Amino acid sequence: MYSAPGRGLVHLPVRRALPALVSVGVSSPSCVGLNEKSRVTAAIQRRSIHNSDSKAIRSSDRRTNTIAELPTVDPTTQPPSSEPRSAPLSVLPLTMIVRSLLTTVISSSPILLPPSLRVMSILANTHNPILNPDKNPLLRFFLKKTFYAQFCAGENPAEVHATISRLKNIGFSGVILGYAKEVVLSEDQAKAVAAEDQGIETAADITGEIEPWAEGTLETVALASPGDYVALKFTGAGRLALYQLSQNGEPSPYLSKSIDAICALAQQRGVRLLFDAEQDALQDGIDSWTMSFARKYNTSPQTATVYGTYQAYRKKTPSVISRHLAEAQEGGFTLGVKLVRGAYLGSDPRHCFWDNQQGTDACYNGIAASVLTRQWGTFVEGKGEFPNAHMVLASHNVESVRRARAICDAGGAKSGISFAQLQGMADEVSCELVEAGHAKKASELPVYKYLVWGTTGECMKYLLRRAHENRDAVARTRSGRDAMWAELVRRCKTAVGFAA
């Protein structure tokens, strides 16, 4: 049975737990509350809860005209409420400001970043115990106080709860919580997995890979609060899942039962699931699995339990989301849309992506405008009435965020929307949204932070991907660095009486 170093956790026998969870019943999100507590408290008490964007990457200063579909919004101007009225970063504690500044200084430096990436790549893929943060206490201490603290929630329930409480006290609506266990393949590894005959589910697959992943994901759902999101990565379920996804096949019986139990518990607790996008070789399979479970669990027009992730930097994304909306329209279910720019630019074939940043920006803003206003457009094509949809706008691009806010402020939003940024990145964008929500004294701008939990070693692949994103979005990283520096200077001036 899988266990992570240092957690000291009691694991549920998932093989027995999953059918029990499925049989509980998922009649309506309204069961959240006393009834929900009575049903899951006993299960949660038996468990010690243990441990992706968002993947919203890259920024651009160029404007696009994709909001023109909404007549009441002038795409050439921003409404007054789109600009921060004070110092949005003033809501952050000093420790977070300093740590963010140090991280962005390294990430935006052409001298410091390349060796940092090489070191992190070694740590993320090593089999040497000396270089494994979970086995080397000195290495673990250094990483946990720096990069881990910047981007991750914690290694155990107490740490995760403390992190979430701090974020909600700042003013965030909630969190998107992910379980750190995942697999990232090189191109050769992806081909090797697809070539192997791994279509038969074995006891070793169940006990060695599927159960640990399912157990960790169930515990993540139990850790989240009603209204929060949980990010789910299918690759964490092991090599059998990788094979099935690469072949665009059905999940194996036990894996299907595990995913079903996760969805049932999430719906019962009022937690929403974001099925993460992954590498291109696996994405068609992920889309198929997402739609299969969306049909079953997204039956209410007021909310969605299952959200698919759509990467705007892929050329085929407009056709994919158009097809999914048509399926939702025909099937009478709600489509959950998590819209990101994408995070696998360094590992996927270049021909999959738009030729330039402007193509990605136009696609992102066009899809966002269509889903939010429920109007067919250039990037989202269809006929008839637009189906019910809810969207998580996961973006670090301040222009994309402000464009969506302009639609909301103009009264053109017909789909539910949540804004999301990665923990430790784009805090100036997040805090501007928090400030705007405070100014309105309403929850019209729900904003979430995405963060993962797990041991330091388990989070290394996630941290490496964050570092690569900063490399690929130097302009945005420098903007974040400058914002943190300006806030630090403002506080120093305020402390000595030179600023209000």
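**Exercise 1.** Classify R140 by its relative accessibility, and then identify its salt-bridge partner in this predicted model.

*Solution.*
Step 1. R140 has a relative accessibility of 31%, and it is therefore partly exposed, where buried means under 20% relative accessible area, exposed over 50%, and partly exposed in between (1.4 Å probe, protein chains only).
Step 2. The partner of R140 is E155, with 2.3 Å between the closest N and O atoms; a salt bridge requires a side-chain nitrogen of Lys or Arg within 4 Å of a carboxyl oxygen of Asp or Glu.
Step 3. R140 belongs to helix α5 (residues 137-151), while E155 sits in the loop between α5 and α6 (157-170), 15 residues apart. Helices (H or I, at least four residues) and strands (E, at least two) are DSSP runs, numbered from the N terminus.
Step 4. E155 is buried, at 7% relative accessibility.
Step 5. R140 and E155 also belong to a network of salt bridges with K144 and E159.

The model is predicted: local features need pLDDT of at least 70, side-chain atom pairs count only at pLDDT 80 or more, and totals for chains, interfaces and linings use all residues. Residues are numbered from 1 along each chain as its sequence is written, and side-chain values use heavy atoms, leaving out hydrogens and water.

**Exercise 2.** Locate the salt bridge between D276 and K338 and state whether each residue is buried or exposed.

*Solution.*
Step 1. The closest N and O atoms of D276 and K338 are 2.9 Å apart.
Step 2. D276 lies in the loop between β3 (272-275) and α11 (280-297), and K338 in strand β5 (residues 335-340), 62 residues apart.
Step 3. D276 is buried at 1%, and K338 is buried at 0%.
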